[in-house]
Amino acid sequence: MSAPLALRPALRTLGSYHSPQVAARVRLNTNESPLPPPEGWRAAFTEAMGEIEFNRYPDREAWKLRGEIASLHGVTPSEVFCANGSNEVLQCLLLAFGGAGRTALVFEPTYALHSHLAALCGLRVVVGDRSPSLEIDAGRAVELIEQERPEVVFVCSPNNPTGMVEDPGVVAALVEAAPGLCVADEAYGQFASWSALSLRGTLGNVASGLVVMRTFSKTWAMAGARLGYLLADPQIVEGCLAASLPYHLSAQTQVAGFLALRFGEEMRARVREIDDGRATIVAGLSKLPVDTWPSQANFVLFRPKEMDARSTWTALLERGVLIRDLSTRPRLEGCLRVTVGTEEENASFLSALCEVLS
Ligand SMILES: *Cc1c(COP(=O)(O)O)cnc(C)c1O
């Protein structure tokens with residue numbers, strides 16, 4: 001018998017994205033919501049479960065859910081595509097519009113899944129650099145787009161892991177220059193001062209390749225439900241539907257999503273609470289020997305100036321606080337990322353860090 005078949009080359013070099021799920025008292029490593037979804041949502045969801053006809057396939061095109069999401073954003077249901085988390089949304093998009101012979105452009109450092117899924121779907125990945133302050137330079141970016149002609153250009157705003165919101169002028173320049181799709185990942189969009197959706201108004205037809213991605217995993221406190229969506233031109237949505245598996249979105253997931261949208265007020269209250277928590281963390285960090293980046297998300301990137309990042313991470317874990325170590329990622333040397341938690345969790349993090357760094 002021969003040796004087991006080797007993995008596809010695209011997978012062999014990618015390494016693992018997965019953030020280690022170490023047991024810890026305070027878990028601030030994956031940008032989840034520290035709070036469960038609202039009680040009212042849980043009650044409505046449980047009741048709705050009793051009414052699902054589980055012997056039947058779910059609505060294949062998830063029209064009800066797409067209708068609710070469409071009205072949230074003031075678009076039509078034909079401009080909404082939903083899948084099991086925005087990662088699956090992205091995979092469908094790349095299966096539909098990517099593939100071998102096509103190119104994706106990412107600006108590092110950014111969310112690792114963009115380049116990972118692009119490579120998995122057969123695209124060639126071109127990496128654009130950011131300025132030393134980790135911002136995209138519009139002039140250099142447009143030059144790179146003209147040179148490489150990528151079918152898919154990625155931006156992430158607020159960007160993970162820096163937390164920084166991209167400048168509207170920069171994103172507009174990318175959308176205008178992109179020969180195909182420009183995907184704006186707005187997983188943390190509810191925390192941001194602006195959304196790329198506004199470019200549909202200002203750029204008109206030029207924005208027809210703009211794809212805005214959102215998720216229920218972060219602000220909606222439903223990472224466990226696995227639901228994400230994109231907003232784009234109906235032709236792009238048609239492509240994603242064609243690339244998705246039949247009945248990919250279960251009846252439970254569809255129900256979980258449209259019931260969540262009834263709790264918009266609670267969600268906005270959580271966003272304000274997280275904003276306050278982030279302000280507390282930023283204020284605490286400003287008194288310690290660390291560099292930070294200006295975040296408009298539910299996490300903060302920082303770099304200890306006098307202590308090695310890995311040792312800092314380990315010392316925090318020894319004190320029961322788990323954060324994300326990004327220090328081995330290119331362009332993020334020495335960096336750590338902390339997710340905003342509850343008031344108590346934020347306090348635990350700050351006092352542990354203070355102890356570690358002093
Ligand atoms: C967390 C995150 C997502 C969410 O992915 P899901 O599959 O929806 O859970 C997407 N994009 C970015 C940048 C993220 O940080």
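The model is predicted, with residues numbered from 1 along each chain as its sequence is written; local features need pLDDT of at least 70, and side-chain atom pairs count only at pLDDT 80 or more, while totals for chains, interfaces and linings use all residues. Side-chain values use heavy atoms, with hydrogens and water left out. Helices (H or I, at least four residues) and strands (E, at least two) are DSSP runs, numbered from the N terminus.

Of the 5 residues in β5 (residues 152-156), 5 are buried, so the strand is largely enclosed by the rest of the structure. Here, buried means under 20% relative accessible area, exposed means over 50%, and partly exposed lies in between (1.4 Å probe, protein chains only). In a regular strand the side chains alternate between the two faces of the sheet. In β5 both faces are covered, with Val152, Phe154 and Cys156 buried on one side and Val153 and Val155 buried on the other. Two strands count as paired if DSSP finds at least two bridges between them. Strand β5 pairs in the parallel sense with β3 (residues 103-108) over 2 bridges, and Val152 of β5 is the bridge partner of Ala104. Strand β6 (residues 181-185) also runs parallel to β5, joined by 5 bridges, and Cys182 in β6 is the bridge partner of Val153.

Helix α7 (residues 168-177) belongs to this arrangement too: β5, α7 and β6 make a right-handed β-α-β unit. Right-handed means that, with the strands pointing away from the viewer, the path from the first strand over the helix to the second runs clockwise. In α7, 7 of the 10 residues are buried, so the helix is largely enclosed by the rest of the structure. The buried residues of α7 include Val170, Leu174 and Ala177, and their cover includes β3, α6 (138-148), β5, β6, α8 (199-203) and β7 (210-215).

The loop between β5 and α7 deserves a visit of its own. Ser157 lies in this loop and is buried, with a relative accessible area of 6%. A polar atom of the Ser157 side chain lies 3.0 Å from the backbone nitrogen of Glu166. Gly163, found in the loop between β5 and α7, is buried as well, at a relative accessible area of 0%. Leaving aside neighbours within four places in sequence, Gly163 is in contact (heavy atoms within 4.5 Å) with residues including Pro158, Pro294 and Phe299. Pro161 is also found in the loop between β5 and α7, and the peptide bond from Asn160 to Pro161 is cis, with omega near 20°.

Turning to the ligand, 13 residues surround it, the closest being Ser86, Tyr188, Thr215, Ser217 and Lys218; a residue counts here if one of its heavy atoms lies within 4 Å. An N or O atom in the side chain of Tyr188 is 2.6 Å from a ligand oxygen, and a polar side-chain atom of Arg226 lies 2.7 Å from an oxygen atom of the ligand. The protein covers 94% of the 380 Å² of accessible area that the ligand has on its own, as computed by the Shrake-Rupley method with a 1.4 Å probe; for residues, only the protein chains shown count as cover. Arg226 sits in the loop between β7 and β8 and has a positive phi of about 60° although it is not a glycine. With a relative accessible area of 32%, Arg226 is partly exposed.

Strands β9 and β10 (residues 299-304) are joined by 3 bridges, and Asp291 stands opposite Arg303 in β10.

Methods
A polar contact is a pair of N or O atoms within 3.5 Å; within protein, one must be able to donate a hydrogen and the other to accept it, and residues adjacent in sequence count only if both atoms are side-chain atoms.
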